[in-house]
Amino acid sequence: MAELTRISALHGHADARRLGAGAGAPGVILGEIGGLRLRQIAAWPDCIDAVGAMAAAAAGVDAAPGPGRAVESMAADSAAPACALLRVEPLKWWLLGRPAGPLNIDAEQGAVVDLSHSRAHIRIRGPRAAEYLNRHLPLDLREASFTEGAVASSVLHHVGVTLWRSGRNYELFIPRGYALSVWEVLLQTAAQFDAEVIPPAAEGGGE
C-alpha cells in the first residue's frame, strides 16, 4: 500500500522572513510546527475518572489535567517534551505527540479520534507574544491569568481556535480549512511587533 504524505495547509506560505523595520531582536517569533500527532479522547460522564487515568498513562504523566490545563511528559533521552495532555473540554482531552503507552478505550467508556490532519499548529513566542496575541484573541493573557500550562478555546478572526501556553511558547491550533486565512491575518499585524517568521519545524522541535 502506498504511504500517504501529509501536505501542510500552510505549505508554501510559512517561509522564513522578517516583518517590521527593527534591526534588533524580534519582539515576536512565530512559525508552523509540522508533523502534528493529535488524538482526541472523549469520555462518557460516568467514566471520566477511568478514561482520565488511561489518558494520563498514555501520555506518561501521573494524572490527567483538570479543565483548562495541560501537563507534559519528557522524553527519556532529551529535555524536550515527548507528549502532552490538554483538557480542552470538561469531557475531552487532546493527546499531543507520541504516546508513552497504548490507549485502548472501550466504546462504553468513551472514544478516541485522530485529529492529526485536522489542525495546523503555530508556535508563537518572544517578549511581546502575549501583547501580539491579544490583538486577535479575547483572552486575558497576563502572566497571572494565563499561566504556564493554561489551555483555552477562543475565536480568532471568526474561527474557533485552541491556545495552550507551554513554557515560553504559545501553541495555537487552527482548523485546517481556515489555517491559511488565519495565518494571513497573523502576518498582517506581525510587523507592528518587529516579528520574525521562522522556517517550519518538526513537531516538538525547538523552543
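Predicted model: local features only at pLDDT ≥ 70, side-chain atom pairs only at ≥ 80, totals over all residues.

Author: Residues are numbered from 1 along each chain as its sequence is written, and side-chain values use heavy atoms, with hydrogens and water left out.

Reader: How many helices and strands does the chain have?

Author: The chain has three helices and 13 strands. Helices (H or I, at least four residues) and strands (E, at least two) are DSSP runs, numbered from the N terminus.

Reader: Why is the chain called as compact as a globular protein of that length?

Author: The radius of gyration is taken over C-alpha atoms, and the globule rule is 2.2 Å times the number of residues to the power 0.38. For 207 residues the rule gives 17 Å, and the radius of gyration of the chain is close to this, at 17 Å, so the chain is as compact as a globular protein of that length. The C-alpha trace spans about 55 × 50 × 40 Å along its principal axes.

Reader: What share of the residues is buried, and what share of the contacts with a separation of 6 or more lies between residues 24 or more positions apart?

Author: Buried means under 20% relative accessible area, exposed over 50%, and partly exposed in between (1.4 Å probe, protein chains only). By this rule, buried residues make up 44% of the 207 residues. A contact means heavy atoms within 4.5 Å; of those with a separation of 6 or more, 68% come from residues 24 or more positions apart.

Reader: What makes a set of residues a nonpolar core, and which members touch the most others in the largest one?

Author: A nonpolar core is a set of buried Ala, Val, Leu, Ile, Met, Phe, Trp, Tyr and Cys residues joined through side-chain atoms within 4.5 Å. The largest has 34 residues, and Leu30, Ile124, Tyr132, Leu163, Leu172 and Trp183 touch the most other members. Among the elements that give two or more residues to this core are β2 (28–34), β8 (119–125), β10 (159–166) and α3 (179–190). The most comes from α3, with seven residues. Leu30 touches residues that include Ile124, Tyr132, Trp183 and Leu187, when residues up to four places away in sequence are not counted. Another core, of 16 residues, lies apart from it, with Ala59, Cys83, Trp93 and Leu103 among its members.

Reader: How many aromatic pairs are there, and why is the pair of Phe146 and Tyr170 called stacked?

Author: Rings of Phe, Tyr and Trp (its six-membered ring) pair if their centres lie within 6.5 Å; planes under 30 degrees apart count as stacked, over 60 as edge-to-face and the rest as tilted. The count comes to three aromatic pairs. In one of them, Trp94 and Phe173 are edge-to-face, at 5.7 Å centre to centre with 80° between the planes. This pair links distant parts of the chain, with Trp94 in strand β6 (residues 92–97) and Phe173 in strand β11, 79 residues apart. Trp94 and Phe173 are both buried. The ring centres of Phe146 and Tyr170 are 6.4 Å apart and their planes stand at 15°, so this pair is stacked. Phe146 lies in the loop between α2 and β9 and Tyr170 in strand β11, 24 residues apart.

Reader: How do you know that the length of α1 agrees with its number of residues?

Author: The expected span of a helix is 1.5 Å times one less than its number of residues. The 12 residues of helix α1 (residues 48–59) should therefore span 16 Å, and the end C-alpha atoms are 16 Å apart, which agrees.

Reader: What puts the buried residues on the same side of α1?

Author: In α1, Ile48, Val51, Gly52, Ala55, Ala56, Ala58 and Ala59 are buried. They cover an arc of only 160° around the axis, which puts them on the same side of α1; the arc is that of the directions from the helix axis to the C-beta atoms. The face turned away from the buried side of α1 carries the exposed residues Asp49 and Ala57.

Reader: Why is His157 called partly exposed, and why is Asp194 called buried?

Author: His157 has a relative accessible area of 45%, so it is partly exposed. Asp194 has a relative accessible area of 13%, so it is buried. His157 is in the loop between β9 and β10, and Asp194 is in the loop between α3 and β12. Although not a glycine, His157 has a positive phi of about 55°; Asp194, not a glycine either, has a positive phi of about 50°.
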